[in-house]
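Here's a quick briefing to read alongside the model. Have the sequence and the 3D view open as you go.

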Amino acid sequence: MTPEDQFAYEAAQERVKKIKGLYTHTFVYAIVNALIIFSIARELPDNETLFQPGVFSTAFFWGIGLLGHALSVIIPEFILGKDWEERKIQQYMEEEKKK
């Protein structure tokens with residue numbers, strides 16, 4: 001495997017790790033929040049509704065964090081281009097060679 005191929009493989013591997021982390025985070029978010037809401041719903045008296053501010057606060061604030069995680073995975077490629085990381089690494093490698 002050439003150094004360029006090795007570099008491309010490692011970059012792809014890192015990208016896959018980030019995407020896998022996002023999928024895991026999303027799955028845990030869905031399961032935990034479903035369990036929280038279900039347990040609150042079981043405890044509610046008959047005359048109260050589930051739609052109260054405190055019931056969904058965990059899902060809301062954790063959702064903001066999940067959105068940030070998703071944007072950190074999606075935005076670099078969307079805004080900077082697919083090969084931005086590779087170009088920057090090549091730039092820094094060239095700078096190191098000049099030193």
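Is Thr49 buried, partly exposed or exposed, going by relative accessibility? At 44%, Thr49 counts as partly exposed, because the partly exposed class runs from the 20% limit for buried to the 50% limit for exposed. Keep in mind that this is a predicted model.

**Overall build**
- The protein chain has three helices and zero strands, and reading from the N terminus the order is simply α-α-α.
- With a radius of gyration of 21 Å, against the 13 Å that the globule rule gives for 99 residues, the protein chain is well over that value and so more spread out than a compact globule.
- Of the 99 residues, 10% count as buried.
- The protein chain exposes about 8100 Å², and 65% of that comes from carbon and sulfur atoms.
- Looking at contacts with a separation of 6 or more, 72% join residues 24 or more positions apart.

**Helix α1**
- Helix α1 covers residues 3-43, which is 41 residues.
- From first C-alpha to last, α1 reaches 60 Å, close to the 60 Å expected at 1.5 Å a residue.
- Its buried residues are Phe7, Leu22 and Asn33.
- If you go from Ile36 to Pro53, you move 17 residues in sequence and 14 Å in space, C-alpha to C-alpha.

**The loop between α1 and α2**
- This is where you'll find Thr49.
- Thr49 is 20 residues from His69 in sequence, and their C-alpha atoms are 32 Å apart in space.

**Helix α2 and the nonpolar patch**
- Seven names make up a nonpolar surface patch of about 620 Å²: Leu67, Leu71, Ile74, Ile75, Ile79, Leu80 and Trp84.
- Helix α2, residues 57-80, gives the most to this patch, with six residues.
- Leu67, one of the patch residues, has its place in α2.
- As background for reading that list, an α-helix has 3.6 residues a turn, so residues three or four places apart point the same way.

How values were computed
Residues numbered from 1 in each chain as written. Predicted model: local features only at pLDDT ≥ 70, side-chain atom pairs only at ≥ 80, totals over all residues. Heavy atoms only, no water. Patch = residues over 30% accessible without salt bridge, like charges linked within 9 Å, V, L, I, M, F, W, Y side chains within 5 Å. Areas by Shrake-Rupley, 256 points an atom, 1.4 Å probe, with all protein chains shown as cover. Salt bridge = Lys/Arg side-chain N within 4 Å of Asp/Glu carboxyl O. Helix = DSSP H or I, 4+ residues; strand = E, 2+ residues; numbered from the N terminus. Expected span 1.5 Å × (residues − 1). Buried < 20%, exposed > 50% of the residue type's maximum accessible area, 1.4 Å probe, protein only. Rg over C-alpha atoms; globule rule 2.2 N^0.38 Å. Contact = heavy atoms within 4.5 Å.
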